[in-house]
Amino acid sequence: MNLEKKVKGGRGTAMKKICMFSANYLPHMGGVENYTYHLSKKLVELGNKVTVVTTELSGCPTHEKKDGIEIFRMPSISLLNGRYPVCKVNKRFKKINRILKLKHFDFIIIHARFYFHSLYAARFAQKCHIPCIVIEHGSSHLSVNNKCLDFFGQIWEHFFTGILKHYCKDYYGVSKVACEWSGHFGIRSKGVLYNAVDLNAIHKILENPVVSYRKQYGINEKDKIIAFTGRLIPEKGISQLLDSFEEVSDNNTWLVVAGDGPLLNSMQIRKIPRTIFLGRIDFEHVISLLGETDIYCLPSVSEAMPTAVLEAIATKTFVITTKRGGAVEIIRSDDYGIIIDSNSIEDISHALERALSDDEYRQSCVENSYRKLIANITWDKTAEKVMEIITRDKDENIDYYSRI
């Protein structure tokens, strides 16, 4: 079908036509991808038309509509093992670009600063005279765990951000930490558009889990489960977590790791007793796992507002994570969980020992953090703020910086 013919015919009757630009999108897994999907879905529920423009992914169509969201995938080449896709300017790219112009968007939202995809989006918005914002999803420089490459990558990121700032002036962050990180590039964020979780979906899964991992692996109900979910890359601190687990574990403690990545094979080879590697699992299985988990540990070196931590809190799982991220905006003290100074083996081990030794303490913390989450960080609240930004008078000088 000729896509250009499909989109002709005026501005339509939707409340707003919103375009999201995200270099990666589902089914590619990651925090930005999940954020883009859930925010888009919520904006559609509010009566808007939402289009997501991303880069191509093997096995996915160039154009489709899913969950009420229209998706276009630009031709691209994949760098850094898929972490940095770059659009290819060919006939298909130009065709999709023409289609997007015909849609007459009211507003453009750009996810992350440092992709060519983001620069294309900002230039597209300027040329079409469409207001746009950039949402920061990080709290540190992009790292490939190579000091030399990371050094030149930081120089590139500053240079690239400097160019982007000429095309887009309004920046937000998925947490206060992300907003503060933007200041590193001379950007004064206008506010927080929090990463969140779908509480209704999580509660439905918890009521009827798709699997019981305790039964599947013969884990006694009285045994303690420590879980990690996410990409198995050095920045997540998964290697340190395994070392720490070896130090503190006993016959009644298990470590369950859900995720895929370059470190998976090397970790499996270690054959640490009572350690289970599930590989990559979908959302329903993640929530089912967390529903049976006692302690969730994410010893990452950098997170803006980690979805995995929010999911753990939403399932009333005790959380241990590092202070270098947005999780501190919920886990503000030891009354909500444990924030460790670093992802050193010593810090992780000490936190695990404390959490494992006190059931009443863990239960008190999960109740406190859960109340904090549902009162302040939901997709309904984030979508409402986005609509305020879209519909507000351009001349208003309103500070949307969120205060929890």
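The model is a predicted one, in which local features need pLDDT of at least 70, side-chain atom pairs count only at pLDDT 80 or more, and totals for chains, interfaces and linings use all residues. Residues are numbered from 1 along each chain as its sequence is written, and side-chain values use heavy atoms, with hydrogens and water left out.

A disulfide here is a pair of cysteine sulfur atoms within 2.5 Å, and a search of the whole structure turns up zero of them. Cysteine 87 has 17% relative accessibility and so counts as buried, and cysteine 132, at 12%, counts as buried as well. (Buried means under 20% relative accessible area, exposed over 50%, and partly exposed in between, with a 1.4 Å probe and protein chains only.)

Now for the sheet. Eight strands make up an open, mixed sheet in the order S3-S4-S2-S1-S7-S8-S9-S10. Its edges are strand S3 (63-66) and strand S10 (191-192), each pairing on one side only. Strands and helices are DSSP runs numbered from the N terminus, with at least two residues (E) for a strand and at least four (H or I) for a helix; two strands pair if DSSP finds at least two bridges between them. Strand S1 (residues 17-22) runs parallel to strand S7 (residues 107-111), and five bridges join them. Phenylalanine 21 stands opposite isoleucine 110 in S7.

Isoleucine 110 turns up again among the neighbours of serine 118, which touches Ile110, His111, Ala112, Arg113 and Leu164, leaving aside residues up to four places away in sequence. Contact means heavy atoms within 4.5 Å. Serine 118 belongs to helix H4 (residues 116-127) and is buried, with a relative accessible area of 2%. Helix H15 (residues 379-391) lies across S1, S7, strand S8 (132-136), strand S9 (171-173) and S10, running at about 130° to S7. Axes for such angles are lines fitted to C-alpha atoms, for helices over the stretch in contact, and the angles run from 0 to 180 degrees between N-to-C directions.

Elsewhere, strand S11 (residues 224-229) pairs with S12 in the parallel sense over six bridges, and alanine 227 stands opposite valine 256 in S12. Six of the six residues of strand S12 (residues 253-258) are buried, so the strand is largely enclosed by the rest of the structure. Thr253, Leu255 and Val257 point one way from S12, while Trp254, Val256 and Ala258 point the other way.

Helix H9 (residues 238-248) buries Ile238, Leu241, Leu242, Ser244, Phe245 and Val248. Viewed down the H9 axis, these fall within an arc of 165°, so they line one face of the helix; the arc is that of the directions from the helix axis to the C-beta atoms. The buried residues of H9 pack against S11, S12, helix H10 (264-269), strand S13 (275-279), strand S14 (295-298) and H13.

In H13 the buried residues are Ile348, Ser349, Ala351, Leu352, Ala355 and Leu356. They fall within an arc of 165° seen down the axis of H13, so they line one face of the helix. Exposed Glu346, His350 and Ser357 sit on the face turned away from the buried side of H13.
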